[in-house]
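Dear colleague,

Please find below the structure for your review. My notes on its sheet and its aromatic rings follow.

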Amino acid sequence: MHSLETNLNSDNVVVLNPDGKLYLSLIKDTYEKFGIEGIKRTKADVKHDKHIVVIDLKGPHFKPNSKQFNRLQWCLENTLTTTFKMVFCVTDSLTGTTVDMQCPVGTKSIVKLEMEAEMETLTDINIPSFQHLIKDINQTPTENWDNEAMEAIEWLGLAHLKANRIKRSKKELNPFISVYQTPHDLINSQTGTLVKWKGFIPTSVIQNTMTNIRKMMASGVTSEWTSLTVWGYKDSPFTWNKMQHYHYFNGENDYTFLLLPKTQSAYVYQLYGSHHTK
């Protein structure tokens, strides 16, 4: 569950993780009235004048009519009385599939959002093979491997944007307009498929998508590489296994898997800002 239309740097943000942790990222005025002590503040918290309250709703001492339960209920009814626009998703603990749930009394309105795949074919584009990235996991990468890996993620970013820079063209691009150059090791095909889902996507759906992609590659449905990119919520107070997060310039909270043919490994790009703290 995640609050919507809340700016992480300047608003109160509410997040409930699948592990039962309730995160409240509160501005100073709200925190001083709230009534539950927050965790130790970091330099980033102090800079943004925010306070983080974490409550384990699955903890052994958090039960109806317990001291912790009653305290949180009182605070939500008397001090944090703001109405939040929320998005949430419920999954079956065994199958990982999404299921419907009954909303609590007092919910003003609720809308079920369906996630439909949007498919688009990209034509006449220069598609790199990325073969130079393949290496034995026990071997030391070549001196230029890091640069080649960054060129790969740069191309994938341009493909997501459907940028003209990756289009095949006989005209030479003016270097004063763009210095970007497509990697030279291209595949024969000039056509790619871009599939997009938009919404509050649970981890289980992403895992199932990765499994289906690998099955497609193993069965020969696609003989070239594939990639899977996930853009996380930019206003989440924590990312990457409890790594603290603030928006700053771009609110990076993303990752990309690049799966190459004839290999059992995938390359993972984790995109986050230098301001992240563990």
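In what order do the three strands of the open sheet lie, and is their pairing parallel or antiparallel? In this predicted model, the order is S8-S11-S12, and the pairing is antiparallel. S8 and strand S12 (266–272) are the edge strands, each pairing on one side only. On average, neighbouring strands of the sheet are turned by 10° against each other, direction ignored.

Strand S11 (residues 253–259) is joined to S12 by seven bridges. Within this pairing, Leu259 has Ala266 in S12 as its bridge partner. Helix H5 lies across S8, S11 and S12, and runs at about 170° to S8.

Turning to the aromatic rings, the model contains eight aromatic pairs. One of them is formed by Phe62 and Phe69, a tilted pair with 5.6 Å from centre to centre and 55° between the planes. Phe62 is buried, at a relative accessible area of 12%, whereas Phe69 is partly exposed, at 26%.

The pair of Phe130 and Trp225 is tilted because the ring centres are 5.0 Å apart and the planes stand at 50°, an angle between the limits of 30 degrees for stacked and 60 for edge-to-face. Phe130 lies in the loop between strand S6 (118–122) and helix H4 (145–161), and Trp225 in the loop between helix H5 (203–219) and strand S8 (226–231), so this pair ties together parts that are 95 residues apart in sequence. Phe130 and Trp225 are both buried. Ring pairs also link Phe130 and Trp225 with Trp155 into a cluster.

With kind regards

Conventions: Residues are numbered from 1 along each chain as its sequence is written. This is a predicted model: local features need pLDDT of at least 70, side-chain atom pairs count only at pLDDT 80 or more; totals for chains, interfaces and linings use all residues. Side-chain values use heavy atoms; hydrogens and water are left out. Rings of Phe, Tyr and Trp (its six-membered ring) pair if their centres lie within 6.5 Å; planes under 30 degrees apart count as stacked, over 60 as edge-to-face and the rest as tilted. Buried means under 20% relative accessible area, exposed over 50%, partly exposed in between (1.4 Å probe, protein chains only). Helices (H or I, at least four residues) and strands (E, at least two) are DSSP runs, numbered from the N terminus. Two strands pair if DSSP finds at least two bridges between them. Axes are lines fitted to C-alpha atoms, for helices over the stretch in contact, and angles run from 0 to 180 degrees between N-to-C directions. Contact means heavy atoms within 4.5 Å.
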